[in-house]
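Welcome to my notebook. I opened a new structure today and jotted down what I looked up, one topic at a time.

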Amino acid sequence: DLDDKPFIDNSGDVTFTFGTIDLTNPAAVAWYSDIIKTNMINRKHRGWMADFGEYLPFDGISLHSGSGRSFHNTYPTAWAATNRKAVEESVGQKKLSNSVRSIRKDNKDSDVVFFSRSSYIGSPRESTLFWLGDQLVTFDGFDGLQTVLLGRMTSGIAGHSLSHADVGGANLSWFLTPRYTMVKELGLKYLRSAELLYRWMDVASVIDVIFRTHQGNLPEDSWQVYSTVSSLLCLARASRLHALFVPIRKALMVDAENHGYPLVRALWLHYWQHEQLADITHQVLLGEDVLFAPALEPNQTIVNVVFPPEEWIYVWTSEVIDARDGILSKHFPSPIGKPPIFFKKASPWLDDFLNGLPYVNQVHCRIDGD
């Protein structure tokens, strides 16, 4: 701080305190990257969350160079670069692009990924992966499950080609007492239900680069992937479905490297000439071959799917949807564990995907009592 003492901040709760490294100081960068190498990489950890990065105060602090106000926005890029420095110096990933480094086959020990929450201009060049931050354990489009699709579409065109979300949600909620992820006081409850967790799994299994769950701060009061045998089965099914998309993601990562294309895309990116697709936020494309329209509301069993002008295959029944004459809308069931997924009929990935579905279908997901 201005008295030359460590500046201590807090997040979510006054008891959750932390310090922020002065990344304008080359010695501090070298010191902290060495900590990452020593405590993480050298101990064979191959992934971590590079959390925060957005908390640098505008004033009240003293930096090695510049001011908090001038460095605030660029701090996230410097924070990602510090993590990347540790990776490059440890496992020689300097010459690998962000998209390629996570899919190497020749030396799995060199596969290291860290994921960032904060970002600024240049951050996609430095970080290996992003996540959408901490979302609320609700279905809504303000900070809940629906914002996963919104966040992927918007962040994708801002350079976050590779991203994911906390499966089940996680957010700061303020009501008299600051809470992290979940709230249960004075009659106000934000607790994760089984349905929300399973629907979030459905979404992550298709569009997330990595499949990562989040326990939350009230684990005993909220549904977890380990709560029951049924929840473990739902996790297993979603994990199998997520793995089935690996070859597609790998190819899309190369596109991201070469052209900057996001893996998850709004429909208008490929069908810009159709104005009626511009406002669609409840469905997305994975690349240009996969159309995804998950259930995003509580107790939802039917999804109205809007099809761009192509010939599509519904993967769960192999039904053909012919929309070549124009945009078509049609209702499809959306049971938990079987989110509406469609491939272009001409997709080179379709046959292998369909051949892999029996392995997914060996495991059944349902809410306890169904």
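Before I sort any residues into classes, I set my terms: Ala, Val, Leu, Ile, Met, Phe, Trp, Tyr, Cys and Pro count as nonpolar, Asp, Glu, Lys and Arg as charged, and the others, Gly among them, as polar. I also keep in mind that this is a predicted model.

**Entry: the second largest pocket.** I used those classes on its lining and got seven nonpolar, three polar and four charged residues. The second largest pocket holds about 370 Å³ of space. I then asked which lining residues sit closest to its centre. Out of 14 lining residues, those are Asp1, Phe7, Thr20, Asp22 and Ser62.

**Entry: the whole protein.** I looked up the secondary structure and found 10 helices and 18 strands. For 370 residues the globule rule gives 21 Å, and the radius of gyration here is 22 Å, close to that value, so the protein is as compact as a globular protein of that length. I also noted the span of the C-alpha trace along its principal axes, which is about 70 × 55 × 40 Å.

Entry: Rolling a probe the size of a water molecule over the atoms shows where empty space is left. I searched the whole structure and found one cavity of 30 Å³ or more. The volume of the largest cavity is about 60 Å³. Helix H7 (194-207) and helix H8 (229-244) are the elements that each give two or more residues to its lining. Among the lining residues I wrote down Tyr198, Met201, Cys234, Leu241, Ile336 and Cys365. By class, I get seven nonpolar, two polar and two charged residues around the largest cavity.

**Entry: salt bridges.** Side chains of opposite charge can pair when their charged atoms come close. My search of the whole structure turned up 17 salt bridges. I picked the one between Lys85 and Glu89, where the closest N and O atoms are 2.6 Å apart. How far apart are Lys85 and Glu89 along helix H3? They are four residues apart in helix H3 (residues 75-91), which means about one helical turn separates them.

**Entry: a surface patch.** My last stop was a nonpolar patch on the surface, formed by Ile157, Trp268 and Leu269. Together these residues have about 260 Å² of accessible area. I traced Ile157 to the loop between helix H6 (146-156) and strand E6 (163-164).

Terms used
Residues numbered from 1 in each chain as written. Predicted model: local features only at pLDDT ≥ 70, side-chain atom pairs only at ≥ 80, totals over all residues. Heavy atoms only, no water. Patch = residues over 30% accessible without salt bridge, like charges linked within 9 Å, V, L, I, M, F, W, Y side chains within 5 Å. Areas by Shrake-Rupley, 256 points an atom, 1.4 Å probe, with all protein chains shown as cover. Salt bridge = Lys/Arg side-chain N within 4 Å of Asp/Glu carboxyl O. 1 Å grid on protein atoms, 1.4 Å probe; cavity = no way out; pocket = protein on both sides within 12 Å on 5 of 7 lines; lining within 4 Å. Points joined across faces, edges and corners; volume = space filled by probe spheres on them. Rg over C-alpha atoms; globule rule 2.2 N^0.38 Å.
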